Amino acid sequence: MSRVHRLAVVLAVLAAAAATLPARAAGPSVPSQCFWNRPNDPDVVNAAYPDKAATYWAGRPLLPPGAELILHGTYPHSRYMSFNAYNAQLQPVDGLADVAIAPDAGSTNPFVAGADRTVTDRSYTLRIVAGPKPAPRAPNTLYMDAPIILYRVYVPDDGRDLAGDAGLPAVTLRQADGTTSDLTATCAPDQATTPAASQLGDLPIQSAFRDNALPGPPVSFIARDPVHWEKFFNLQHMQAAVATDGTPARPVIDDNLASSGGGYLSNTDNSYAIAIASRSIGPVLVLHGRAPLTPHTKAAPATMPAGELRYWSLCTNERHTTRFIDCAVDEDVPVDANGWYTVVVSAPADRPSNATSACGAGWLAWGTSPETLLILRNMLPDAAFPHAIQRVSKPADLQTVVGEYLPEGRHTTKEAFEARGC
């Protein structure tokens, strides 16, 4: 079978397996409920491989022809915020990071490196319009050729609420004839701050995974030692790469499908590397790598620090449920004087006594499954930083490009790690 024929067969299998979300009945042009759904609660909507350092609010805009949404918001006291729009397959079609949103007149964007993070006047105005993203795009405009909008806030400053004490953006629907409707007038006062009551309303994210309406979690790569990292490009590439790994068809898949389409409600400002660990190889996994420099903001510095990345994290995840189990957030990971870190992954019963911050090691819970899916996130790399996952254009180049910032992961035992001492 030729390379072209092999690719055609794989694509046919993927097309037969994939499905889209069920059609949604037409609703009123002005929703009666609050535009924003409450923030994520891991016990309710821990799905689509989230990061524990982030809080997500979801909206499902229904724009009549010629209408647009006007968002008036306040920049939060946090590490990061953004807006992303998604299609029915939960792939991002557009996104705006905090630094890409210009402030209102007289206000300051506190996310720009060197900016005053304590500033009082910190408002912005954003438009959301229907249709594909043009080139060039209009300023402060999100294009939502998509049914889902997510607003994210990462790492609020210490003492701030989940929304970084900024509340949620006020949303106004402006019809083609100029009439307006307030879509956030019915929002509860605690809409931005109460995770215990969180839910995604009528968004079909949970049911999509439960009912297999979406392409499910990718079939696992075979666990190896050291662990084998892959960049996540898109759903189709990941599924096909797993199915053809180690065969002559894999290079064909990489050449034809490895484009950054994303999936699972991924963030346009993040790039991801994934790996599989298995207890059948060893009950303890030791990850060792170089930490990119990031702006540590929990302690609320007065000015926004610069960094090689805005944020990075390591998470353990259940592959079949798409839940996160545990996450190590950059500024919480012990780093030695030379910029290196060690993170140990195990069940609580297998946790080595020296897998502690006092001994210079972070720790992540493995979860209950024999395998755990590792996700390494890189967010908003500085233009001068060449080792971000975002710089990887071909799957085979991941290790070469990311280098020592891609942690080596080796399986071992509790006793062997404890023998290292503190």
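Buried means under 20% relative accessible area, exposed over 50%, and partly exposed in between, with a 1.4 Å probe and protein chains only. By that scale C422 is exposed, at 70% relative accessibility. The model is predicted: local features need pLDDT of at least 70, side-chain atom pairs count only at pLDDT 80 or more, and totals for chains, interfaces and linings use all residues. Residues are numbered from 1 along each chain as its sequence is written, and side-chain values use heavy atoms, without hydrogens and water.

**View 1. Confidence along the chain.** The predictor's confidence in each residue, pLDDT, runs from 0 to 100. The protein averages 85. Of the residues, 84% score at least 70. Residues 1-31 stay under 50. The model has 45 contacts (heavy atoms within 4.5 Å) for residues 1-31 beyond four places in sequence. Over residues 195-215 the pLDDT is also below 50. That stretch has 55 contacts beyond near neighbours in sequence. Where pLDDT is low, predicted coordinates should not be read in detail.

**View 2. The disulfide of C34 and C187.** The structure holds three disulfides (pairs of cysteine sulfur atoms within 2.5 Å). In the link of C34 and C187, the sulfur atoms are 1.8 Å apart. The angle about the S-S bond is 70 degrees, and the link is right-handed. C34 lies in the loop between α1 (3-17) and α2 (42-45), and C187 in the loop between β9 (180-182) and α3 (205-210), so the pair ties together parts 153 residues apart in sequence. Helices (H or I, at least four residues) and strands (E, at least two) are DSSP runs, numbered from the N terminus. C34 is buried, with a relative accessible area of 12%. C187 is partly exposed, at 21%.

**View 3. D190 in the loop between β9 and α3.** D190 lies in this loop. Its relative accessible area is 30%, which makes D190 partly exposed. D190 and L168 are 22 residues apart in sequence. Their C-alpha atoms are 9.9 Å apart in space.

**View 4. The disulfide of C315 and C327.** The S to S distance of this pair is 2.0 Å. The torsion about the S-S bond is about 110 degrees, so the disulfide is right-handed. C315 sits in strand β13 (residues 311-317) and C327 in strand β14 (residues 324-329), so the pair ties together parts twelve residues apart in sequence. Both cysteines are buried.

**View 5. The disulfide of C359 and C422.** Here the sulfur atoms are 1.9 Å apart. With -110 degrees about the S-S bond, the link is left-handed. C359 lies in the loop between β15 (340-346) and β16 (362-365). C422 lies in the segment after α7 (414-418), 63 residues apart from C359. C359 is partly exposed, at 25% relative accessibility. With the bonded cysteines of the protein numbered in sequence order, the pairing is 1-2, 3-4, 5-6.

**View 6. Helix α4 against helix α5.** The axes of α4 (residues 235-244) and α5 (residues 250-257) come within 9 Å and cross at roughly 170 degrees. Axes are lines fitted to C-alpha atoms, for helices over the stretch in contact, with angles from 0 to 180 degrees between N-to-C directions. The two helices are roughly antiparallel; angles under 35 degrees count as roughly parallel, over 145 as roughly antiparallel, 65 to 115 as roughly perpendicular and the rest as oblique. From α4, the contact uses Q236, H237, A240, A241 and T244. From α5, R250, I253, D254 and L257 take part.
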